[in-house]
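Student: Please take one part of this structure, its interfaces, and go through it closely. I would like one connected account, with the residues and elements named.

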Amino acid sequence: MTRKRFVTLSLVPAIGLLATLALVSVAGAVWFSLMNRTLRSADYDFVGAYNFLRLLRDRRFMNALEISALWEIITVLGTLALAVLLAVMIFETVKKPLWRNLLCFAFLVPVLLPRVAAAFIWRFLYSPSLGVINYLCGLVGIGPVEFLADPSLALISVAVVDIWQWGLFFTVILLKLLETLPRDPIEAALLDRARTWEIHAYVTLPMLKGPLISLALVKAVESLRSFDLIFVMTGGGPGTATETLDLYAYQMGINMGGRISYASAMSILLLIVTTVAFTIIWKAGKKWAS
Amino acid sequence: MANISCTDIVKSYGAHPVIEGMNLDIPDHEFVVFLGPSGCGKSTMLRMIAGLEEVTGGRIVIGGTDVTTLPPGERGVAMVFQSYALYPHMSVADNITFGLRRQGIARAEIAPRLAHVAQMLGLEPYLDRKPKNLSGGQQQRVAMARAMIKTPKVFLFDEPLSNLDAKLREKLRTEIRKMHLQLKTTTIFVTHDQLEAMTIADRIVLMRDGRIEQMGSPDEIFERPATRFVADFIGTPAMNFLHATMQDGHVARAGNIALRLSPTDFPRLRPGQNVELGLRPARMKLCPEGTPGALTGTVVLVENMGAEGQVITDVDGHEMSFTTPAFRGLAIGDRVSFAIDPGHVHAFDPQSGHSLREE
Ligand SMILES: Nc1ncnc2c1ncn2[C@@H]1O[C@H](COP(=O)(O)OP(=O)(O)O)[C@@H](O)[C@H]1O
Ligand SMILES: [Mg+2]
């Protein structure tokens, strides 16, 4: 048996299974989205593109789209910024391997927490009456701040939890990546009179461009799946201030309306938008990294 | 341009000393080579002068300024690494000018300086390329350009040619030497290759286990090795060593071998004293059998080196080698005689390894 045939044969079952599962559910969603099914009544009609056309005029959908985009940008950039800052700081200040490993271990804990658990912990921390954060705010004379109930703060407050979990995790990854870099270019930069921040801005981080892009993509995909975190912390509120597309689809299809056809249409649109967006980002990222 | 002076330099990693009290003075314009076997502390010494490694004790002065605690960028040194250490994501031009840009020098001033060094090192066609698209030799030239453009007080090279093939190594060695003749910048060059050291150095600092074994011009090191270690380290093929006992008439005898030593070079040798003789293969000549002072043995192996050949012989149970252009007439098992001028015989104390020669 040739190598190629072997590879093909061993891949077929797994890919077949995945394709079937993905295709069936997508096809099902497409099928639903072309009708006006609801959970309330058994009868339904075929309505064609009506659901999609309505979506484009749905202000709440547009709001959810905007929140989703904001959520992606804030969490991805926030995570990377935190990771880069912390990793460089630790790389420069903590030289003893023991301390570094202890820090890394501590930084891994948040991401190991189930998201729902993290959400509850932070809901408590954010609490206006009992929360530690508001207690600290009180000491410096601000607050109480309604972190989760203030529409202008809620999204950021939830994003902080996500960035706390993933930023610290990525810090560990980046620190390990920094440690694998050859010392010589860094020393050459030292001799070239580069200051510490210049060494990282011009030498080490550009050397890590490829991994950084990969991390950004991983985080972007991961951020799409933040339903549980947002659901537990704010449930999409206050109002629709933290209602991302998946939360809205959930509200529409299962929670309130039971309008599963409408929700399906939304999911299909979400699928198309993310696929297109990620293809473009992926291509651009690859070009930029090379 | 500057002289370098290192006083009582000590370096240890934990309890393990790597450099044990080095004293070194390098005058302005000199091209000094740190030579020694791997792990003897050459790189450590160089990196302490560069400021990449802290000294455990001692003082380093460059051009009259005590730089012992200054950061690397403020010592006025430029270094070329064995790995080239180019910034991989920057173009050649950006690599070369990075240091000047960090010093805040105006672009208008950088451009002509870049053009000058690029022209000197033949890098003009490659200025827009990334390092990974260059050959090893070209990358090393970029590293040299990056050092040169800063017009430093001191150049430091850490085995810059070790990753190149023999031909290119020779070519770049010549270029480095020419560059030094032109710029006259004080230079320290680290290598473990004795031939490289001999060809390039004004002065060789031969190191062993964190100490200076001998310091001197290539000729001094070659002709007047201070210790057996130096004699053994320098020269290819390696020196022949022979344990012998002194007899009357300044003759050293080992079994049937008897060699007369020069009484002016070794006035203090006494009959009965044990010595270790050192005979350079290149200083021995084929001679007719029976010539006074000649060694006679049978050929064990002949190694063709092109113009000359190394003949390894068995002389009275001792393996001795010599080089001769007339090696082509010799075959394994032949009886050969070869002689050495008494002026070229070295003698060392068997215990301490120090040379017994009096200056
Ligand atoms: N960071 C370090 N920690 C511990 N020992 C080191 C370190 N760097 C070098 N050494 C030791 O110092 C000695 C000299 O090293 P080095 O200066 O690199 O030798 P050379 O350049 O002459 O080959 C070696 O025995 C090496 O093991
Ligand atoms: Mg070395």
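Tutor: In this predicted model, domain 1 and domain 2 of chain B bury about 1,400 Å² between them, and carbon and sulfur atoms give 59% of that area. On the side of domain 1, B:Gln194, B:Phe222 and B:Arg228 supply 42% of the area buried against domain 2, more than any other three residues. The division places residues 4–232 of chain B in domain 1 and residues 233–348 in domain 2. Their C-alpha centres are 38 Å apart. The contact involves 17 residues of domain 1 and 13 residues of domain 2.

B:Glu223 is paired with B:Arg283 in a salt bridge whose closest N and O atoms are 2.3 Å apart. On the domain 1 side, the elements that give two or more residues are helix 6 (194–200), helix 7 (218–223) and helix 8 (228–233) of chain B. Helix 8 of chain B has the largest share, with five residues. By class, the domain 1 side consists of ten nonpolar, four polar and three charged residues.

The interface between the two chains can be read in the same terms. Chain A and chain B bury about 1,700 Å², 61% of it on carbon and sulfur atoms. In chain A the residues that lose the most area to chain B are A:Leu191, A:Asp192 and A:Arg193, which together account for 41% of what that side buries. In residues, the contact draws 15 from chain A and 22 from chain B.

Three salt bridges are counted between the chains. A:Asp192 forms a salt bridge with B:Lys150 through their side chains, at 2.7 Å from N to O. Helix 8 and helix 9 of chain A are the elements that give two or more residues to the side touching chain B. Helix 8 of chain A gives the most, seven residues. The side of chain A that touches chain B has ten nonpolar and five charged residues, and no polar ones.

Helix 8 of chain A spans residues 183–191, and its buried residues are A:Pro185, A:Ile186, A:Glu187, A:Ala188, A:Ala189 and A:Leu191. Their cover includes helix 9 (196–207) of chain A, and from chain B helix 1 (42–50), strand 6 (77–80), helix 2 (92–102) and helix 4 (136–148). Just after helix 8 of chain A, A:Arg193 has a positive phi of about 65 degrees. A:Arg193 is also one of the three residues of chain A that lose the most area to chain B.

As for the chain that carries this helix, chain A has 13 helices and zero strands. The C-alpha atoms of chain A fill a box of roughly 75 × 70 × 30 Å along the principal axes. Chain A has 290 residues, and 40% of them count as buried. Of the contacts in chain A between residues at least 6 apart in sequence, 68% join residues at least 24 apart.

Notes
Residues numbered from 1 in each chain as written. Chains lettered and ligands numbered in written order. Predicted model: local features only at pLDDT ≥ 70, side-chain atom pairs only at ≥ 80, totals over all residues. Heavy atoms only, no water. Domains from an automatic or database assignment. Contact = heavy atoms within 4.5 Å. Buried area = accessible area lost by both parts, 1.4 Å probe. Salt bridge = Lys/Arg side-chain N within 4 Å of Asp/Glu carboxyl O. Helix = DSSP H or I, 4+ residues; strand = E, 2+ residues; numbered from the N terminus. Nonpolar A, V, L, I, M, F, W, Y, C, P; charged D, E, K, R; others polar. Buried < 20%, exposed > 50% of the residue type's maximum accessible area, 1.4 Å probe, protein only.
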